[in-house]
Amino acid sequence: MRPIATTRSAAGIPTGLLAVWWVLASEIVIFGGLLGSYIMYRLAHDAWAEQAAATNVWIGAFNTFVLLTSSLTAVLAHQAAERGDGKLAAKRLYYTCIGAATFIVVKAFEWTTEIQHGFTITSNTFWSFYYTAAGLHALHVIAGAILMLFVAADAKKGRELHRVELIGIYWHFVDIVWIFLFPLLYIAK
Amino acid sequence: MSEHAAHAEGHHVNYVRIWQILLVLLVISVLGPMIGIKIVTLITAFGIAVVKAYLVAKNFMHLNLQPRYVVYILGTTLVFMLLFYAGTAPDVMKHSGDNWVKPDVVQPSAPHH
């Protein structure tokens, strides 16, 4: 038997979609608070520019490219799901997961190098923010990729295709967070 | 098909073209700050970040196809963020004011043996 509360007439959109928007609203407060704190400290302390100079802009740019491309495959998966092509939607979601894995591998390489150069989470306040913000974002990437694997497995069998849109919206939000993290942590030197 | 899905399907966007625009903006946001002029850095890095976020929200998340109240929900959280910033920034960013001075940072003492 299918659940009866999949849509609510007052909301005008499926319940799952509404839930995703509420999740993202709470995420805006979490990341907004973190980035807002970073910005006020960064503006108040010129010395942070010297610390930011140690971050690798090319690695940050490459990971931005990876996330933007994974967002493209996620929205193309949504497009395939709307046409009822679950197998193609699943395939495109797997491509998105490959993007997530690439992002994490590059991030691991980047952090290893930085830690080897003595920049750790306890070095100073800049690096505390750096590892906290980028780490929290990376956790969202990992969580999103794991959820996407479950959604893709169902989509491949033609089941629960509406979830492709839901995980896609979450993924685009993760992309948007990185769009703001990139200039803050890598470009503003 | 639900009304929402039908509405979304009727909205044709060339996603690959949007992705290409995003990549061009990425290149500009990396190269612009290399010029070394502060205002150019601000525009190319942070101004373009806002444009990129708008393109993703509108074209990939289809935020423009959602009911208006969804935008209000997200907008309200952004307002909360600004309120948080306005309320705490004076304490963080200013070092002195009327009848108050922020004390110097106390360095941790050496461990006892």
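Residues are numbered from 1 along each chain as its sequence is written, while chains are lettered from A and ligands numbered from 1 in the order in which they are written. Because this is a predicted model, local features need pLDDT of at least 70 and side-chain atom pairs count only at pLDDT 80 or more, whereas totals for chains, interfaces and linings use all residues.

**View 1. The side of chain A that touches chain B.** In this view, 35 residues of chain A are in contact with 37 residues of chain B (contact: C-beta atoms, placed from the backbone, within 7 Å). Helix 1 (15–44), helix 3 (57–82) and helix 6 (162–187) of chain A each supply at least two residues of this side; helices (H or I, at least four residues) and strands (E, at least two) are DSSP runs, numbered from the N terminus. Helix 1 of chain A provides the largest share, 12 residues. By class, the side of chain A that touches chain B holds 25 nonpolar, 8 polar and 2 charged residues. Here Ala, Val, Leu, Ile, Met, Phe, Trp, Tyr, Cys and Pro count as nonpolar, Asp, Glu, Lys and Arg as charged, and the others, Gly among them, as polar.

**View 2. Helix 1 of chain A against helix 4 (residues 68–93) of chain B.** Two packed helices are described by the angle between their axes and the distance between the axes. The axes of helix 1 of chain A and helix 4 of chain B come within 9 Å and cross at roughly 25°, which makes these helices roughly parallel. Axes are lines fitted to C-alpha atoms, for helices over the stretch in contact, and angles run from 0 to 180 degrees between N-to-C directions. Angles under 35 degrees count as roughly parallel, over 145 as roughly antiparallel, 65 to 115 as roughly perpendicular and the rest as oblique. The crossing of helix 1 of chain A and helix 4 of chain B is right-handed (the near helix is turned clockwise from the far one by less than a right angle; left-handed if anticlockwise). Among the residues making the contact are A:W21, A:I28, A:G32, A:G36 and A:Y41 of helix 1 of chain A, and B:I73, B:T77, B:F80, B:F84 and B:Y85 of helix 4 of chain B. The contact comprises 20 nonpolar and 4 polar residues, with no charged ones.

View 3. A residue is buried if 20 or more other C-beta atoms lie within 10 Å of its own, exposed if 12 or fewer, and partly exposed in between. Not counting residues up to four places away in sequence, B:M61 touches A:I169, A:H172 and B:V56. B:H62 is placed in the loop between helix 3 and helix 4 of chain B; B:H62 is buried, with 20 other C-beta atoms within 10 Å, and its phi is near 55°, a positive value in a residue other than glycine.

**View 4. Helix 4 (residues 86–116) of chain A.** The 31 residues of helix 4 of chain A should span 45 Å at 1.5 Å a residue, and the end C-alpha atoms are 45 Å apart, which agrees (expected span: 1.5 Å times one less than the number of residues). The buried residues of this helix include A:G86, A:R92, A:T96, A:C97 and A:F103. These buried residues pack against helix 3, helix 5 (125–156) and helix 6 of chain A. Just after helix 4 of chain A, A:G118 takes a positive phi of about 95°.

View 5. Helix 5 of chain A has 32 residues and reaches 46 Å from its first C-alpha to its last, close to the 46 Å expected. The C-alpha atoms of A:D154 and A:G86, 68 residues apart along the chain, are separated by 8.3 Å. Leaving aside neighbours within four places in sequence, A:D154 is in contact with A:R159, A:E160 and A:R163. Just after helix 5 of chain A, A:G158 takes a positive phi of about 80°.

How values were computed: Two residues are in contact if their C-beta atoms, placed from the backbone, lie within 7 Å.
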